[in-house]
Amino acid sequence: KVTRKIIEVQSVSSKIISNENNIGYIRLKSFNENSDNQFLKSVKKFEKNSKIKGYVIDLRNNPGGLLTQAINITDFFLDDGEIVSTKGRKISETRKFFARRGDEVKGKPLVVLINNGSASASEIFAGALKDHKRAILLGENSYGKGSVQSIIPLKNNGAIRLTVAKYYLPSGKSISEVGVSPDIEISEESDDFRIKTETDNQLNYAIKLLNG
């Protein structure tokens with residue numbers, strides 16, 4: 001029998017890492033409808049552990065997703081300030097989004113891992129934390145997808161996807177076609193590189209950085 005039910009895609013995975021078991025590792029694969037709840041659940045579980053001294057947030061190969069989710073998850077780590085703005089030709093497409101008070105990890109150090117596969121919402125998250133000097137970005141330059149699209153239905157049952165605005169970081173920089181640059185550039189070291197394995201030299205560097 002096949003039972004009809006709503007499938008909730010698990011976009012968040014988490015684990016305690018390092019030899020000292022003192023770093024919370026959270027990998028976010030995409031920004032889906034329920035990502036913020038999944039993410040916050042992992043953070044709160046780690047925060048109950050008194051040994052946790054810092055966090056690695058892994059956004060490598062995360063293609064993005066919902067803007068609201070990027071704002072919510074970024075807000076977990078900021079007390080105030082701008083997160084992102086959109087600017088378009090219409091006034092309705094020009095908006096600013098701000099953080100609310102409350103850092104869920106109480107100022108603990110953050111390292112955010114990015115690469116060329118990190119796009120859109122991932123770049124908003126990473127770029128905002130970099131601009132506010134709340135996190136150290138490590139890895140490779142992100143993809144550079146900083147545009148806002150609107151879907152316009154057509155009479156023939158088709159549709160056109162039209163770019164109506166661009167994303168801008170708190171610093172005023174556009175993400176579009178330039179991406180977000182890491183504070184520490186670490187390229188994949190070998191051909192057998194695999195995320196979160198012994199060959200993951202970017203993650204290994206992040207662990208050394210937090211425990212150094």
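**Notebook: buried charges, cores and loops**

I began with Arg 134, which counts as buried at 14% relative accessibility. The model is a predicted one, in which local features need pLDDT of at least 70 and side-chain atom pairs count only at pLDDT 80 or more, while totals for chains, interfaces and linings use all residues. Residues are numbered from 1 along each chain as its sequence is written, and side-chain values use heavy atoms, with hydrogens and water left out.

**Entry 1. Salt bridges**

I looked up the partner of Arg 134 and found a salt bridge with Asp 103, with the closest N and O atoms 3.0 Å apart. The pair links distant parts of the chain: Arg 134 is in the loop between H3 and strand E7 (136-139), Asp 103 is in the loop between E5 and E6, and they are 31 residues apart. Asp 103 also counts as buried, at 17% relative accessibility. For the term itself, I took a side-chain nitrogen of Lys or Arg within 4 Å of a carboxyl oxygen of Asp or Glu. Helices (H or I, at least four residues) and strands (E, at least two) are DSSP runs, numbered from the N terminus.

I noted the general point that side chains of opposite charge can pair when their charged atoms come close. How many salt bridges does the rule give? The count comes to 7.

I next examined Lys 108, which forms a salt bridge with Glu 47, the closest N and O atoms being 2.9 Å apart. This pair also links distant parts of the chain, 61 residues apart, with Lys 108 in the loop between strand E5 (95-98) and E6 and Glu 47 in helix H1.

I then turned to Lys 96, whose salt bridge with Glu 82 has its closest N and O atoms 3.7 Å apart. Here the distant parts are strand E5, which holds Lys 96, and strand E4 (residues 82-88), which holds Glu 82; the two are 14 residues apart.

**Entry 2. Two residues with positive phi**

I looked at Lys 106 again for its backbone. Lys 106 has a positive phi of about 55 degrees although it is not a glycine. I recalled that most residues other than glycine have a negative phi. Lys 106 sits in the loop between E5 and E6 and is exposed, with a relative accessible area of 67%.

Ser 120, not a glycine either, has a positive phi of about 55 degrees. Ser 120 lies in the loop between E6 and H3 and is buried, with a relative accessible area of 7%.

**Entry 3. Asn 115**

I looked up Asn 115 in the loop between strand E6 (110-114) and helix H3 (121-131). Asn 115 is buried, with a relative accessible area of 4%. Which backbone atom does its side chain reach? The side chain of Asn 115 reaches the backbone nitrogen of Gly 117 at 2.9 Å. Leaving aside neighbours within four places in sequence, I listed the contacts of Asn 115 (heavy atoms within 4.5 Å): Arg 60, Asn 61, Glu 140, Asn 141, Ser 142, Tyr 143 and Glu 188.

**Entry 4. Nonpolar cores**

I defined a nonpolar core as a set of buried Ala, Val, Leu, Ile, Met, Phe, Trp, Tyr and Cys residues joined through side-chain atoms within 4.5 Å. The largest has 40 residues, of which Phe 39, Ile 57, Phe 77, Val 112 and Phe 125 touch the most other members. Strand E2 (23-28), H1, E3, helix H2 (67-75), E4, E6, H3 and E9 each give two or more residues to this core. H3 supplies the largest share, 6 residues.

Not counting residues up to four places away in sequence, Phe 125 touches Phe 31, Ile 57, Leu 59, Ile 73, Thr 74, Phe 77 and Val 112. Another core, of 12 residues, lies apart from the largest one and includes Ile 186, Leu 203, Ala 206 and Ile 207.

How values were computed:
Buried < 20%, exposed > 50% of the residue type's maximum accessible area, 1.4 Å probe, protein only. Polar contact = N/O pair within 3.5 Å; in protein donor to acceptor, adjacent residues only side chain to side chain.
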